[in-house]
Amino acid sequence: MTVALWAVFFYAPTERTMGDLQRLFYFHLSSWWLAFAAFLLVAGASVCWLRTRKPGWDDAALAAAEVGVLFTTAGLLMGTIWAKPAWGIWWTWDARLTTAFVLWLIYAGYLMLRGYVDDPTRRANLAAVLGILGAADVPLVYFSIRWWRTQHPAPVIMGGPDSGLHPDMWITLGICLAAFTVLFFWLFGWRRELARDERVVEALRQRGFAEGS
Amino acid sequence: MAYLVAGYAAFFLLLFGYLGRLALLGRRLARERARFAGGWQSAQERVWTDHSERLARERARLAGGGSGTRSGPD
């Protein structure tokens, strides 16, 4: 992360139109890519849970959803802070921003749902269904700027002949993506372990295990 | 420049907030583990065994229940 920050602030060249403000791009984009990966992981783990009923998959789905919501929140926040000086407004209900906000709502709802259902199996089943259905919004968010004209700029990566990045910007983006990937898997692994412990504690409580037994 | 700093500050506030949440959750679970003391390992194994047994019973019930008959009180 330190190397990524150094690259963002000292290595990447200053963009011609937006100046230093464009440096928000590296963490903004990395947050979103990792959020997308997290929600696809939620869907994959949810399918595995429904097929195998191994509790480890439910733990993985929960961990990925929580870290995904973290990165989505970061992406949305950095986006609005970028929007104000760039567009003159904090927020607008265009296709990209709306689908992105809906994605955040779906998985925030997913985490709330998990908190409301007491029975662990029922909770895992309901969450798995929502986790799978919610992932359908990921391609919608991704392609929204290609399918519709939006306030959000057109893609700079794989966005056609007029798109592209300076080579040093590519290197900076690569460093940030690598740092975010490491951060993601560290947070995911930690949260998954905690989810496993939480489930065991919950099961022991439900069975009325004697303390110190 | 202020917006750039605000954007990165927001990111790190969120990240450290989440790390704090995980640390607190870990501490709470560590306390729970201490409460269950030496029984934790065996209890953990017992929970997995219970889950597998319940799953096996459920599978057997589904495999045997294809005739449409119902068992148990209405």
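The model is predicted: local features need pLDDT of at least 70, side-chain atom pairs count only at pLDDT 80 or more, and totals for chains, interfaces and linings use all residues. Residues are numbered from 1 along each chain as its sequence is written, chains are lettered from A and ligands numbered from 1 in the order in which they are written, and side-chain values use heavy atoms, leaving out hydrogens and water.

Start with chain A. Its secondary structure comes to seven helices and zero strands. Helices (H or I, at least four residues) and strands (E, at least two) are DSSP runs, numbered from the N terminus. From that terminus on, the elements run α-α-α-α-α-α-α. The C-alpha trace of chain A spans about 65 × 35 × 30 Å along its principal axes.

Now take helix H2 (residues 24-52) and helix H3 (residues 55-87) of chain A. Their axes come within 7 Å and cross at roughly 155°. H2(A) is therefore roughly antiparallel to H3(A). Axes are lines fitted to C-alpha atoms, for helices over the stretch in contact, and angles run from 0 to 180 degrees between N-to-C directions. Angles under 35 degrees count as roughly parallel, over 145 as roughly antiparallel, 65 to 115 as roughly perpendicular and the rest as oblique. H2(A) passes H3(A) in a left-handed crossing (the near helix is turned anticlockwise from the far one by less than a right angle). The contact of H2(A) with H3(A) has 25 nonpolar, eight polar and one charged residues. Here Ala, Val, Leu, Ile, Met, Phe, Trp, Tyr, Cys and Pro count as nonpolar, Asp, Glu, Lys and Arg as charged, and the others, Gly among them, as polar.

H2(A) also meets H4(A). Their axes come within 12 Å and cross at roughly 45°. The two are therefore oblique to each other. Their crossing is left-handed. A:Trp32, A:Phe36, A:Phe39 and A:Val42 in H2(A) meet A:Ala100, A:Leu103, A:Tyr107 and A:Tyr110 in H4(A). Those residues divide into eight nonpolar, no polar and no charged.

Helix H4 (residues 95-116) of chain A packs with helix H5 (residues 120-134) of chain A at about 175°, their axes 9 Å apart. They are therefore roughly antiparallel. The contact of H4(A) with H5(A) divides into eight nonpolar, three polar and two charged residues.

Finally, the two chains. In chain A, 49 residues are in contact with 38 residues of chain B (heavy atoms within 4.5 Å). The chains bury about 3,800 Å² between them, 74% of it on carbon and sulfur atoms. Buried area is the accessible area (1.4 Å probe) that two parts lose on being put together, summed over both. The count between chain A and chain B is two salt bridges (a side-chain nitrogen of Lys or Arg within 4 Å of a carboxyl oxygen of Asp or Glu). B:Arg21 and A:Glu66 meet in a salt bridge at 2.9 Å, N to O.
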